[in-house]
Amino acid sequence: MLLQFENLTIRNATTEDAGQLAAWWNDGTVMAHAGFPNGLGQTAADIAENLENDSDDSGRRLIIELAKVPIGEMNYRNIGSHTAEIGIKICDFSLHDKGLGKKLLSMLISSLFHDLGYEKIILDTNLNNKRAQHVYEQLGFQKLRVRENSWQDQLGEWQSAVDYELIPQNFIHFAK
């Protein structure tokens, strides 16, 4: 996958990106929102090996670039029945709240629907992540349910999640 809009690029992660992914995934401040305040503890070698198994059919980890500089990552996973599960992480906190997530998600979602033929996209987010929920709802995602105290983070604290889904006719595109 190679998607470009303005100065944003979304591209397949390669083994050469494993060091950067390891730096982000092992940084507890970057990973706290996902329930890993101590980071994931993965080596670049393990990540590179896992990237070898990515494919357009099963799913991919993707690198987000702003003006050719890596700023975060996205992913999609084929969960069957023409449905993809997605995620996004802008790892450079100075770039939060600038509208980039909405554009980047628009780019990915458009490609998943139009290029790869998915008919539904799902995601979940922490109930406390109101900023993400706002963006997802602007894109047309419908809230399905709130799962109260459905999982524990690395520190043993119970967390709640919100499940969303999006179908093509509800998608509002912000990167045209």
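A pocket is an open set of grid points with protein on both sides within 12 Å along at least five of seven lines. In this predicted model, the largest pocket has a volume of about 1,400 Å³. Its lining is made up of 48 residues. Sorted by class, that lining holds 20 nonpolar, 15 polar and 13 charged residues. Nearest the centre of the largest pocket lie H33, G87, I88, K89 and Y136.

Y136 leads on to the aromatic rings. Ring pairs join Y136 with F141 and Y164 in a cluster. Two of these residues, Y136 and Y164, are also in contact with T125. T125 belongs to strand β6, which covers residues 120-126. Is T125 buried or exposed? Its relative accessible area is 8%, and because buried means under 20%, T125 counts as buried. Beyond its neighbours within four places in sequence, the contacts of T125 also include A132, Q133, S160, A161 and V162.

How many aromatic pairs does a search of the whole structure find? The search finds five. A pair of aromatic rings is described by the distance of the centres and the angle of the planes. With a relative accessibility of 2%, Y76 counts as buried. Y118 is buried as well, at 7%.

A further aromatic pair is made by F113 and F171. Here the distance is 6.0 Å centre to centre and the angle between the planes is 65°, an edge-to-face arrangement. This pair, too, links distant parts of the chain, its members being 58 residues apart. F113 is part of helix α4, and F171 is in the segment after β8 (158-166). Both residues of the pair are buried.

K102 lies over the face of F174, at 4.4 Å from the ring centre.

Key
Residues are numbered from 1 along each chain as its sequence is written. This is a predicted model: local features need pLDDT of at least 70, side-chain atom pairs count only at pLDDT 80 or more; totals for chains, interfaces and linings use all residues. Side-chain values use heavy atoms; hydrogens and water are left out. Helices (H or I, at least four residues) and strands (E, at least two) are DSSP runs, numbered from the N terminus. Buried means under 20% relative accessible area, exposed over 50%, partly exposed in between (1.4 Å probe, protein chains only). Contact means heavy atoms within 4.5 Å. Rings of Phe, Tyr and Trp (its six-membered ring) pair if their centres lie within 6.5 Å; planes under 30 degrees apart count as stacked, over 60 as edge-to-face and the rest as tilted. A charge sits over a ring if NZ of Lys or CZ of Arg is within 6 Å of the ring centre and within 35 degrees of the ring normal. On a 1 Å grid over the protein atoms alone, a cavity is a set of points where a 1.4 Å probe fits but cannot get out, and a pocket is an open set with protein on both sides within 12 Å along at least five of seven lines; lining residues have an atom within 4 Å of a point. Grid points are joined across faces, edges and corners, and a volume is the space filled by probe spheres set on the points. Ala, Val, Leu, Ile, Met, Phe, Trp, Tyr, Cys and Pro count as nonpolar, Asp, Glu, Lys and Arg as charged, and the others, Gly among them, as polar.
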